[in-house]
Amino acid sequence: MPLVTKRLRDPDINPCLLESDASTRCMNENNYDKERCSSYFLRYKNCRKFWNSVMIHRRQNGVKPPMPTAAERDEILGSMGKMPY
């Protein structure tokens with residue numbers, strides 16, 4: 001598996017892995033009809049926006065690493081009570 005693919009499949013690096021997999025699965029199941037999968041795309045897009053804003057905020061505050069690990073993300077989402085996206 002290429003290094004880029006490994007990085008995208010790593011839950012510590014890609015916070016939106018579930019949303020990405022769901023949109024890909026939807027495309028496969030619906031014969032690549034984008035209109036049927038628009039809700040999955042929107043959820044993925046909102047996920048990326050949310051975690052990008054978290055990463056920017058952490059970088060501005062000098063927190064390392066800028067992207068929280070998978071365990072930290074679970075804590076963040078748990079403290080919010082529901083998915084923000």
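Four salt bridges turn up when the whole structure is searched, a salt bridge being a side-chain nitrogen of Lys or Arg within 4 Å of a carboxyl oxygen of Asp or Glu. Before the details, a word on the source: this is a predicted model, where local features need pLDDT of at least 70 and side-chain atom pairs count only at pLDDT 80 or more, while totals for chains, interfaces and linings use all residues. Residues are numbered from 1 along each chain as its sequence is written, and side-chain values use heavy atoms, with hydrogens and water left out.

Let me start with Asp21 and Arg9, whose side chains meet in a salt bridge at 2.6 Å, N to O. Asp21 sits in helix H2 (residues 17–29) and Arg9 in helix H1 (residues 3–9), so this pair ties together parts 12 residues apart in sequence. Helices here are DSSP runs of H or I with at least four residues, numbered from the N terminus. Asp21 is partly exposed at 24% relative accessibility, and Arg9 is partly exposed too, at 41%. On the terms: buried means under 20% relative accessible area, exposed over 50%, and partly exposed in between, with a 1.4 Å probe and protein chains only.

Next, please look at Glu72 and Arg58, another salt bridge, at 3.8 Å from N to O. This one links distant parts of the chain, with Glu72 in helix H4 (residues 70–80) and Arg58 in helix H3 (residues 38–60), 14 residues apart. Glu72 is partly exposed at 31%, whereas Arg58 is buried at 13%.

And what does Arg36 form a salt bridge with? The partner is Asp33, with the closest N and O atoms 3.6 Å apart. Arg36 is exposed, at 56%, and Asp33 is partly exposed, at 29%.

Technical notes. Helix = DSSP H or I, 4+ residues; strand = E, 2+ residues; numbered from the N terminus.
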